[in-house]
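Subject: Structure for your review

Dear colleague,

I am handing over the structure we spoke about, together with a written account of what was found in it. Please look at it before reading on.

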Amino acid sequence: MNKNNTVEPDLNDLTIDQLHEKLGTSEKGLSSDEATKRLGQYGLNGLNEHKPNPVVKFMKSFWGPIPWMIEIAAILSAVIHHWEDFWIITTLLVLNAVVGFWQEHKADNAIELLKKKLALKSRVIRDGKWQELAADQLVPGDAIRLRLGDVVPADVKLTKGDYLQLDESSLTGESLPVEKKSSDMAYSGSVVKQGEMSGIVTATGMNTFFGKTAKLVQEAKTTSHFQRAVVKIGNYLIVFAFALVSLIFIVSLFRGESMLHFIQFALVLMVAAIPAAMPAVLSVTMAVGASVLARKEAIVSRLASIEEMAGMDILCSDKTGTITKNELTLAEVVPFEKYTGNDVLVFATLASTVEDHDPIDSAIIEHTLADETNKNSLNALEVIDFKPFDPVIKHTESTVKEGAVTFQVAKGAPQAILSLVKNSEEMEGQVNNQVEAFAEKGYRALGVARTDKKGNWTYVGMIPLYDPPREDSAETIKIAQEMGVEVKMITGDHTAIAKETARMVGLKTNIKEADAIMQKSDRMALKEIEESNGFAQVFPEHKYHIVEILQHNDHIVGMTGDGVNDAPALKKADVGIAVAGATDAAKSAASIVLTKPGLSVIIDAIKESRKIFQRMNNYSIYRIAETIRVLLFITLSIIAFNFYPVSALMIVLLALLNDAPIMTIAVDNVKYSRTPDKWDMRTTLGIATFLGLIGVVFTFGMLFIGKEMLHLSNEVLQPFIYLKLSVAGQLTVFMARTKGHFWSVKPSRALLLAIVSTQVIATLITVNGFLMPAMGWKLAALIWGYALVELVITDALKVQMLKVLDHSNVRFRNYKHWGRQSR
């Protein structure tokens, strides 16, 4: 055993006896004590995942430019003994950190629960007894048992048993099963299709063939569009705030005001301006959405992928098991010479066995026995010897007794069967033509032969096999296309098979061979990739390159897959989707894991993700508009009237009361869009700025009423303006959440209650004079009436402004498109 926690590279090449000696084990396995010791040496049998310390993760919430500014504001408040400001600012900082951490913690727990549900089990001998253990507890030297339906949990040297047929497609991309016998290796991640054997574990975790392949996934890195959008919004608000604070600084300097007071006020102003709660609010929105998707059997492992899926315009979908059922079905058989279709089926059934549950054998037997004539024919025949499929000769073979006569039957690859018959040269053209004809219809061909009285083989006929599309595939693809998502089918199958499958599910048949496209320059390849409806004869590196090329042309790309060989492309894609039954490597690389077969659940995920995107965009518009409205009004009031319309404490209270309830926007009612959603900063910043400027005008109107018409003192005028900013600010949410009039989409009960309750609190604070001078109910009623009138007028102007922005954006997009074309 290696002291460096790795398995020697030549361990798999040892004989069984040498392996027993090297690993200090036997067919009776390990003791529990020895297994525990080795588990400490080799680690858990699974892919390595970096899990940050929760305390460190929480403390990072207080580290960064935005938290620093809030912390400095709190310290300055303490220095000048403004303790109310200090405690409220500190509360705001801690609240944002706790909410953000808690929501991410809940999302992480959901993912961990999924992993536990999907965790593999393994039959292993410990202390001389067979028992079932979690696969992550396996160590090199363990004796385990593999049988039909098992996923091989580690690299295993096979020792006892007749044979195994393994599906290694998730490792190698090869769709046909591979036969393994004693002394052969069964690799982690492959699936047992036939047989039952014992073996000794030689490698676990990242030391397996599976694990080493998974390491390649770490090379693929992507940056979320969501992250870039948050940075853009944050930069916009920070620059805006710095410009206004700088202006206030110049005026304060000119007027000779206290610099300490200015610094404390300016910092609090920056706190109100910077979207400190934005990451938390958007994380809450996505975490809630992830829970909804989980109920629809789509588990989100990377929250930002929800926003990416909303903007996804191309979905590269795996064919086998996603578009199709991954179940073999027989089409109409083709008999040769004197034989009939029933003869072909009967002889093929005689060359099959039901015990092994082979998918090809099962399909043939089930189809044959559906006909009573075939049943009667089989009753008169007896199989006295059966030879299973041999990968060397590529066919099965049976010896059959009919009365006193015995003969042989065989089924297998058309060319392998052709090599058996005496007149192979004469039949070669007919067989090849039939194979091509089947391929054009999307069928795989299987040949059937029997011996005559002289023992000579004759070609009986051919059986076409195909993997039929799922019942919902055509409808699902149609819905996806109607929603602006172009579906491109990806398969390792022959081009003719891919074209026929595409035709059956409503896709156009412009299917390209992946290798031919990849040999072209990226610019030429992009054109062919965009124009094609799918790709055939695809290898893992092709998938990665297809995604990369599409992303370089500003497409948001989704990719489905299930195997280790799909993992790099899943990681590279904006939305990597591991389909039902995917390997652990694919699930680890993907951002969304499906637990229900087929494409239909992806449509549910797209709809839900677009709703989530709408909520995030609505919040962004509200937050930008609110920042502009508050900061610009305060700045202009200080410059024009040498009057601080609100205190530093009121600004912090405003941020606290208005940001906390807005988190309920995560469950707000919205309508998903019929086209992919992408961050349109021109419209988002445009409409938010417009709403903010209108709000400034109305707030100055309120200031004029209070100062010039009601002649309020400065002490009462500050809570008067504070309540106006608070109520009108929350009513802005109703305008920001719809593209039409604010009543066009009914708000959720949670959002409505949150807004009403916080504004009732704000009203009671100002009316009764808690932390500020009291102003009474009459002034509060005036503010509420004024804010409601402002809502109606501003909303009408907003609808008109959106029409202008939409028209402007169409012209802008056309200009950019023309610019690219002209270059």
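Predicted model: local features only at pLDDT ≥ 70, side-chain atom pairs only at ≥ 80, totals over all residues.

Residues are numbered from 1 along each chain as its sequence is written, and side-chain values use heavy atoms, with hydrogens and water left out.

Overall picture

The protein has 30 helices and 23 strands, where helices (H or I, at least four residues) and strands (E, at least two) are DSSP runs numbered from the N terminus. Of its 823 residues, 54% are buried, a term that stands for under 20% relative accessible area, with exposed meaning over 50% and partly exposed lying in between (1.4 Å probe, protein chains only). The accessible surface comes to about 37,100 Å², and 57% of this belongs to carbon and sulfur atoms; the areas come from the Shrake-Rupley method with a 1.4 Å probe, and for residues only the protein chains shown count as cover. If contact is taken as heavy atoms within 4.5 Å, then among contacts between residues at least 6 apart in sequence, 71% join residues at least 24 apart.

The eight-stranded sheet

Eight strands form an open sheet with mixed pairing, in the order β9-β23-β22-β21-β10-β18-β20-β19; two strands are said to pair if DSSP finds at least two bridges between them. The edges are held by β9 (298-300) and β19 (511-513), and because each has a single partner strand, one side of each is left without a neighbour in the sheet. Neighbouring strands of this sheet are turned by 20° against each other on average, direction ignored.

Helix α11 (residues 304-311) lies across β9, β22 (575-578) and β23, and runs at about 100° to β22. Helix α25 (residues 600-641) lies across β9, β10 (314-318), β21 (557-561), β22 and β23, and runs at about 140° to β23. For these angles, axes are lines fitted to C-alpha atoms, for helices over the stretch in contact, and the values run from 0 to 180 degrees between N-to-C directions.

A582 lies in the loop between β22 and α24 (584-589) and is buried, with a relative accessible area of 8%. Leaving aside neighbours within four places in sequence, A582 is in contact with G561, D562 and K587; the C-alpha atoms of A582 and D562, 20 residues apart along the chain, are separated by 4.0 Å.

A nonpolar patch

L752, V756, V760, L764 and W777 make a nonpolar surface patch of about 450 Å². Patches are made of residues with over 30% relative accessible area and no salt bridge, like charges being joined within 9 Å and nonpolar side chains (Val, Leu, Ile, Met, Phe, Trp, Tyr) within 5 Å. Helix α29 (residues 749-768) gives the most to the patch, with four residues; V756 is found in this helix and is partly exposed at 43%.

Salt bridges

A salt bridge here is a side-chain nitrogen of Lys or Arg within 4 Å of a carboxyl oxygen of Asp or Glu, and by this rule the count comes to 13. One of them joins E34 and R38, whose closest N and O atoms are 2.7 Å apart; being four residues apart in helix α2 (residues 32-42), E34 and R38 are separated by about one helical turn. E34 is partly exposed at 25%, whereas R38 counts as buried at 3%. Another joins E608 and R615, with the closest N and O atoms 4.0 Å apart; E608 is buried at 7%, and R615 is buried at 9%.

Best regards
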